Amino acid sequence: MATNPFKAPEPDARGSASIGKAVKINGQIFSKEDLYVDGDVEGTIELAENKLTIGPSGRVQAGIKAREVVVLGQIQGNVEAMDKLDIRKDAKLVGDIKTARIIIEDGAYFKGSIDIVKLDAKKAAAPAAASASGTPVVAEAKR
Amino acid sequence: MLPDRLKSIFRGSSGAQEESSSPFKGKGASVKEIVTTRQSRGLEQFFGDIRDQSGLSILDMGGACQDNINFITSLGHRITPRSILQSLDETFGGVAEADQSNAHQIESFLKNNLDYLPDTFDGVLLWDTLQFMTPPLLNAVLERLHFITRPKSCLLVYFSSEERAKESPVYSFRIENKTTLKLIQRGARPTAQVFNNRGLEKLFARFESVKFFLTRESLREVIVRR
């Protein structure tokens, strides 16, 4: 199949938002979709339900909160990844981490502390699993 | 001289070998990686000591590695990894005759690696890093470690027991379980000091106690109590 030469390449086939290499942002970023950062960001990044990817050229000086974080570039700041944090080879992260799971490849630079936060209690309380399966959540008082 | 492969068999190697770049010799030069596993009484004592506790802070001076992070966090503790040998080379230069006595460089090294509040850590995994430090730096590091660890906390340290060795293998220490370590040897680097038991007692004089574990291999395991 021929590709359209006039169509700009998308950063992510799944249609996440993207901050390109030549972009610099100073401030707060809130997103309700996945975000790919390959530029410079200074401030805070929050993606409560989504995945944040810091590309190889990404330089982030920010506190980060996201469901999942993948680091290929550089982060200076504390990272809270509700589900998973993935620090790839050649990535650099300076800051304290709170996450449920962490993957750190040999060759990655990390300076800070790692706290593994168990999500069992949160998951038990959240109706997410029930709603995902289509089952309505019913509160029932037993005597 | 025995080839590396044969040496690893004598040590009880698991046999896995792969090429990697040396952290010290020639930076980028290709050296063989030798993987061995060993039982460690020191490790057993270290984790036995913090048994039945959770939420402790452990400083791992061997750098960030998946095995150690998984193991320590699975026990419910917080881990703070610091790659002390890498920082040693960055601060003082990765050369055999590196001068580690400059007061400004020592201060910078401490600031980069051990800049924590008093009583921050409940345990420190120093592995074999101390033997690559010359007296001025070593004393400053031990003084700082004493400052940032809680009373009764433990330090786990390894020293080469080959007294005539001018250089020691560089290992990456990976925790497999409470009693077993996987050692990944990547090249060697000059040993700054070699200690006998008496020397180690003097070295850790400011700490409460020092306990030695003799092993068949040329590694001396030491548990130091703050």
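## A salt bridge inside chain B

Asp49(B) is partly exposed at 27% relative accessibility; here buried means under 20% relative accessible area, exposed over 50%, and partly exposed in between, using a 1.4 Å probe and protein chains only. The model is a predicted one, where local features need pLDDT of at least 70 and side-chain atom pairs count only at pLDDT 80 or more, while totals for chains, interfaces and linings use all residues. For bookkeeping, residues are numbered from 1 along each chain as its sequence is written, chains are lettered from A and ligands numbered from 1 in the order in which they are written, and side-chain values use heavy atoms, with hydrogens and water left out.

What does Asp49(B) form a salt bridge with? Its partner is Arg225(B), with the closest N and O atoms 3.0 Å apart; a salt bridge is a side-chain nitrogen of Lys or Arg within 4 Å of a carboxyl oxygen of Asp or Glu. The two sit in distant parts of the chain, 176 residues apart: Asp49(B) belongs to helix H2 (residues 41-49) of chain B and Arg225(B) to strand S10 (residues 219-225) of chain B. Helices (H or I, at least four residues) and strands (E, at least two) are DSSP runs, numbered from the N terminus. Arg225(B) is buried, with a relative accessible area of 18%.

## One in chain A, one across

Over all chains, the count comes to 16 salt bridges. One of them pairs Arg101(A) with Asp83(A), closest N and O atoms 3.3 Å apart. Arg101(A) lies in the loop between strand S9 (97-99) and S10 of chain A, and Asp83(A) in strand S7 (residues 79-87) of chain A, so this pair ties together parts that are 18 residues apart in sequence. Arg101(A) is partly exposed at 46% relative accessibility, and Asp83(A) is partly exposed too, at 25%.

Another pair crosses between chains, running from Asp106(A), in the loop between S10 and S11 of chain A, to Arg174(B), in strand S7 (residues 167-175) of chain B. The closest N and O atoms of Asp106(A) and Arg174(B) are 3.3 Å apart. Asp106(A) counts as partly exposed at 39% relative accessibility, whereas Arg174(B) counts as buried at 9%.

## Where the chains meet

On the contact list (heavy atoms within 4.5 Å), 13 residues of chain A touch 16 residues of chain B. About 1200 Å² is buried between chain A and chain B, with carbon and sulfur atoms giving 45% of it. In chain A, Ile104(A), Lys111(A) and Ile114(A) lose the most area to chain B, together 37% of what that side buries. Buried area is the accessible area (1.4 Å probe) that two parts lose on being put together, summed over both.

The rule finds 3 salt bridges across this interface. On the chain A side, strand S10 (102-104), strand S11 (109-111) and strand S12 (114-116) each supply at least two of the residues that touch chain B.

## Helix H4 of chain B

How many residues of helix H4 (residues 84-92) of chain B are buried? The count is 7 of its 9 residues, leaving the helix mostly covered. They are Ile84(B), Leu85(B), Ser87(B), Leu88(B), Asp89(B), Thr91(B) and Phe92(B).

The buried residues of H4(B) pack against helix H5 (103-113), helix H6 (135-148), S7 and strand S8 (180-190) of chain B. Just after H4(B), Gly93(B) takes a positive phi of about 90°.
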